Amino acid sequence: MTDTIALLVLLLAALVCWTGSAPNTRHYLARTGSTRDNSTRTGSASNSLDDPTRAGFAPNSRDNHARTGSAPISRDNSLRPGSAPNSRDNQLRPGFAPDSRDNQARNGPVPGFHTGLAGRRFAPNFRHYVAAGVIPAMLVLCALTGLGAEVREAGWAVAAGVGGVGVLALTRRLAVHAPVVPIAVGAWTLTCLGAVTAERLNPGVGQARWVVLALAGFVVAAWVAPHLGGIGSRGGGWVAGVGSVLLLAPLLPGIGARVSGAPGWVSIGPVTGQPAELGRPLVIIGTAAMLAAAGSSLRAGRLRATLLACWPLPIAAVAAMAADDLGPLLLLGLAVVAMVLLNKPRPLHTLALLGALLGGGALVFALVGKLHNRLEQMLHPITDDGRLHNTGAALRLMVDGGWFGSGFGAGATERVVNIDNDFVLAALGGERGFLGLLLVLAIAAAVTDACWRTASSAADGGLRLGGYGLSALLSAQLIYTTLATMTALPVTGVVVPFLSRGGSALIGVWVVLGLIAGIGRRRAPARVAGDEQAARKRGQVARALVLLAWLTTIGVTVRVCLAPPVPTTATPAHQSASTETCRSCPDR
């Protein structure tokens, strides 16, 4: 019964995230004075189709929305007594700026000014706040019931519900012009789902304390992000430099550490963590500022400034090779390449960049031996003697669950090595079924889609490019880890955002989300130049490609359920899988 309720709650969350991504039309139209029911400010021009003869107003014709007693209004030069000519560039009341809220509220949107996504507000309504509290509370309550928790532990469900409402309110406050419902409700739902899954796989792991720290990082990042606009190439270099120091910190003697045999950690007194999770977002923001400054030269065919702007990427490569962890480098490289392409290089340079990316990937594959083993596990999840690699065991776990799952806490998760990090999606698919896994993917897709929309509405070119890079980072990580679980891509050791156990990765992904939300805090100019409009259109194309990638990922997941690639009689081969895929760390 509780598993069925949990599936319904996930379905509700997916619906809320996708339906809540639309702007609050009533709020927007009321501010712009363009409603159909004539709900404009008293004394404004009539724009009603239902009551064209409102007292004190002339009939509502297409070309004459005038007050009675005023001069006739024409499309070319309609004068109000004592006002300026009514042209495309100056349709104003005396004393009002072209894009002021008061002027647009009185006279409607000014012709020639773009008042699309940049001018809309995504204010949540009462139903969204109710859903933000009920969804995580019910998920946690169902999980606690399935684990046989005591009644006094039900307070965690209340805390999850209160936290959901608080996150939505905070996001609404910090990101006024962003699609706050999918960002807040979707991310918090996935985080609560990851917390209860971590508790089921590792009882007493204490994931809740990392959730609190992640929310603190989200608030700080959302507050800082608007202040990073207009920092220019020099400021971007400083931000990227701080991020590069964090990437190299595990290599410093005295503080670099290994946790469960895995490098890339820093230990300072009682604090142990992975600073690279915070370094990558800073590198992206700084690189974006430098790329934005070099954008004109790139479009003119000069590559020198763009290549110099990408100087943090070789530093990240050195840090990744030293830590023997190439997965995060892959994601960072994809984000930087996405930003360069969105800066609109010439076609020949675009082909050269893609060729260099493929060539570099082939070179790394040839030099790093363990990648061969991971590719072999992807292509052949079954060993020659009929047993399963770890990737095959993960597939077997999901197939055993079927469409509706074996039940929370009833799956044979012990068959999969590193089930709580790299393969946490296999645990979700096995115990909550492929239907539950598809709903989780739908929520994640809504979160990434909202991130791309927020980045597209940024007022500053550097911030917009940085928002694109951060959105690409989050989208690539979610899509890649899903496809790796389905053996469509090789495993790289990258954790699943929001869902994997550990603290550093959870804090890092909420910092990324906070930076993106903060980008939507400042309203973009109502009127944009041609270059700015073209940049936003390129972002919309990238958003559409990401949605296409999500549809492909969901299709691959459905194929695995309908045509299981592993037999039911095979047994896991833990000895052959653990040396390459086990990267379980207590606070990753």
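Helix α13 is mostly covered in this predicted model: of its 16 residues, 13 are buried. The helix runs through residues 327–342, and the distance from its first C-alpha to its last is 23 Å. That span is close to the 22 Å expected at 1.5 Å a residue. Just after α13 comes Lys 344, whose phi is positive, at about 60°.

Attention now turns to the charged side chains. The count of salt bridges comes to six, and several of these pairs are described here.

Arg 280 and Glu 277 form a salt bridge in which the closest N and O atoms are 2.8 Å apart. Both residues belong to helix α9 (residues 276–293), where three residues, or about one turn of the helix, separate them. An α-helix has 3.6 residues a turn, so residues three or four places apart point the same way.

A second pair within one helix is found in α16 (residues 390–401). Here Arg 396 forms a salt bridge with Asp 400, with 3.0 Å between the closest N and O atoms. Because Arg 396 and Asp 400 are four residues apart in this helix, about one helical turn lies between them. The surroundings of the two partners can be read from their accessible areas. Arg 396 has a relative accessible area of 2%, which is under 20%, so this residue is buried. Asp 400 has a relative accessible area of 44%; this value falls between 20% and 50%, so Asp 400 is partly exposed. The pair also takes part in a network of salt bridges, in which Arg 396, Asp 400 and Arg 415 are linked.

Which parts of the chain does the next salt bridge bring together? The side chains of Asp 449 and Arg 543 meet at 2.6 Å, N to O. This pair links distant parts of the chain, with Asp 449 in helix α17 (residues 424–456) and Arg 543 in helix α20 (residues 530–562). Asp 449 counts as buried because its relative accessibility, 4%, is under 20%. Arg 543, at 27%, is partly exposed, because that relative accessible area lies between the 20% and 50% limits.

Terms used: Residues numbered from 1 in each chain as written. Predicted model: local features only at pLDDT ≥ 70, side-chain atom pairs only at ≥ 80, totals over all residues. Heavy atoms only, no water. Salt bridge = Lys/Arg side-chain N within 4 Å of Asp/Glu carboxyl O. Helix = DSSP H or I, 4+ residues; strand = E, 2+ residues; numbered from the N terminus. Buried < 20%, exposed > 50% of the residue type's maximum accessible area, 1.4 Å probe, protein only. Expected span 1.5 Å × (residues − 1).
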